[in-house]
Amino acid sequence: MFIIGIAGGTGSGKTTVVRKLIERLPKGEVTVIPLDSYYNDSSDVPPEDRQKINFDHPDAFEWSLISNHLQSLKAGQAIEQPIYDYITSTRSDRTIHVEPNDIVIVEGILTLHNPELREQMDLKVFVDADPDDRLVRVIKRDIVERGRTVEAVIERYQRIVKPMHEQFVEPCKRYANVIIPQGGHNNAAINMMTKFIKQQMHEKGE
């Protein structure tokens, strides 16, 4: 098994990088584990207080659970991946059954933050992008997918996203083996990564 951690700021292009890697790697051999699935269950928090949760802070994640799940997959055991309900800010009663696979990609803004999680990764990637480009992508995404106004998106960006990025996300860059500028538009970097992953998988298979 080859485990890849992909981190980077909100709107940096992580999802596009993951999609392009999947397109280039052998079909059916890649499993993606979103870090967002491992937000802490907040069902014990009063509903009115759940709106105050800072989802860009490391404390919002159950690091021990995702670390244990990666260990299980490495040991050849299936896992039940949580499903997070963003409307209620709680963990769903349902889960996603995930079988071990040749390549596992863990993707999220703080994927490289936790030391225990990093130690399990064979390749650590940071997707980099200009702050202005990230803000534009966040505005477009949140308006279309989450029904927010431009004013609301900018207010949240300035109050939470930007300071959390500077404090926790950007420092993760130092742990990366590969930094991809321009996010999903950097086809040269993605092609190089694909070649490296295939080579590593070939050597592991020998």
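Read from the N terminus, the elements of the protein chain follow the order β-α-β-α-α-β-β-β-α-β-α-α-β-α. That gives seven helices and seven strands. Please keep in mind that this is a predicted model. The radius of gyration is 17 Å, close to the 17 Å that the globule rule gives for 206 residues, so the chain is as compact as a globular protein of that length. Of the contacts between residues at least 6 apart in sequence, 77% join residues at least 24 apart.

Let us turn to the interior. Buried residues account for 45% of the 206 residues. In soluble globular proteins, nonpolar side chains tend to be buried together. Here, the largest nonpolar core has 30 residues, and I33, F61, W63, I66, L70, V106 and L110 are those with the most contacts inside it. Several elements each supply at least two residues of this core, among them strand 1 (2-8), strand 5 (103-107) and helix 6 (150-169). Which helix gives the most to this core? It is helix 3, with five residues.

Consider V106 as an example. Apart from its neighbours within four places in sequence, V106 is in contact with residues including I3, I6, I33, I66 and L70. There is also a second, separate core of 19 residues, which includes F2, V17, A189 and M201.

Finally, consider helix 1, residues 14-24, where K14, V17, V18, K20 and L21 are buried. These residues lie on the same side of helix 1 because they cover an arc of only 165° around the axis. The face turned away from that buried side carries the exposed residues T15 and E23.

Technical notes
Residues numbered from 1 in each chain as written. Predicted model: local features only at pLDDT ≥ 70, side-chain atom pairs only at ≥ 80, totals over all residues. Heavy atoms only, no water. Core = buried A, V, L, I, M, F, W, Y, C linked by side-chain atoms within 4.5 Å. Buried < 20%, exposed > 50% of the residue type's maximum accessible area, 1.4 Å probe, protein only. Helix = DSSP H or I, 4+ residues; strand = E, 2+ residues; numbered from the N terminus. Contact = heavy atoms within 4.5 Å. Arc of directions from axis to C-beta. Rg over C-alpha atoms; globule rule 2.2 N^0.38 Å.
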